[in-house]
Amino acid sequence: MTIDWRYTVEENLGVLSVAGYLGPDAVRRFTGAIGWAVARGTGPVIVDLAELRSWSAEGQLAIIEAARRLAEAGRGLELAAIPADGSIVPTADGPPIPVHADLATALAAHQAEQREPVQGRHEWRTTGWPTEDEVDE
């Protein structure tokens with residue numbers, strides 16, 4: 001089993017929504033999604049895990065590595081709605097990873113920090129991520 005993802009850039013903030021199981025087989029796909037985020041946005045990236053069923057130790061390590069990669073690009077990584085079956089424990093030498101109860105809380109934390117808005121909204125997704133039309137059915 002692997003993951004599907006959707007990356008949205010809006011208001012100088014990226015949101016990477018991840019669905020499925022972030023296990024050893026999905027780490028490479030998650031790393032690729034982080035590559036999209038690094039190349040196609042600015043500001044912090046909120047990783048929304050509301051649709052994630054579970055994650056493995058390798059999946060948690062991939063998130064820690066993503067935080068390092070984003071920090072090297074001058075950006076932060078935050079988590080929203082981590083799975084109930086585990087909590088991420090960043091290593092002492094890594095960047096801090098704020099954890100929010102859900103995506104709405106994470107977005108609200110950035111409302112006061114609004115800078116100049118990005119022109120339009122941009123979105124990328126894996127083919128397995130449903131479109132808005134499919135969700136409404």
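**Close-up views of a predicted model**

**View 1. Helix α1 passes helix α2 in a right-handed crossing.** The model shown here is predicted. Two packed helices are described by the angle between their axes and the distance between the axes. For α1 and α2 (residues 57-72), the angle is about 20° and the axes lie 10 Å apart. Angles under 35 degrees count as roughly parallel, so α1 and α2 are roughly parallel to each other.

**View 2. Residues where α1 meets α2.** From α1 come Val27, Phe30, Thr31, Ile34, Gly35 and Val38. Their partners in α2 are Glu58, Gly59, Ala62, Ile63, Ala66, Arg69 and Leu70. By type, the residues of this contact split into 8 nonpolar, 3 polar and 2 charged.

**View 3. Ala39 in helix α1.** The helix spans residues 27-39. Ala39 has a relative accessible area of 58% and is therefore exposed, as the cut-off for exposed is over 50%. Ala73 sits 34 residues away along the chain from Ala39. The C-alpha atoms of Ala39 and Ala73 are separated by 9.6 Å.

**View 4. Ser17 in strand β2.** The strand covers residues 13-22. Ser17 is buried, because its relative accessibility is 3% and the limit for buried is under 20%. Leaving aside residues up to four places away in sequence, Ser17 touches Asp4, Trp5, Arg6, Asp48 and Trp129.

**View 5. Ala81 in the loop between β4 and β5.** Strand β4 covers 77-80, and β5 covers 99-100. Phi of Ala81 is near 60°, a positive value in a residue other than glycine. Ala81 counts as buried, with 16% relative accessibility.

How values were computed
Residues numbered from 1 in each chain as written. Predicted model: local features only at pLDDT ≥ 70, side-chain atom pairs only at ≥ 80, totals over all residues. Heavy atoms only, no water. Helix = DSSP H or I, 4+ residues; strand = E, 2+ residues; numbered from the N terminus. Buried < 20%, exposed > 50% of the residue type's maximum accessible area, 1.4 Å probe, protein only. Contact = heavy atoms within 4.5 Å. Axes fitted to C-alpha atoms, helices over the stretch in contact; angles between N-to-C directions. Parallel < 35°, antiparallel > 145°, perpendicular 65-115°, else oblique. Left-handed = near helix turned anticlockwise from the far one by under 90°. Nonpolar A, V, L, I, M, F, W, Y, C, P; charged D, E, K, R; others polar.
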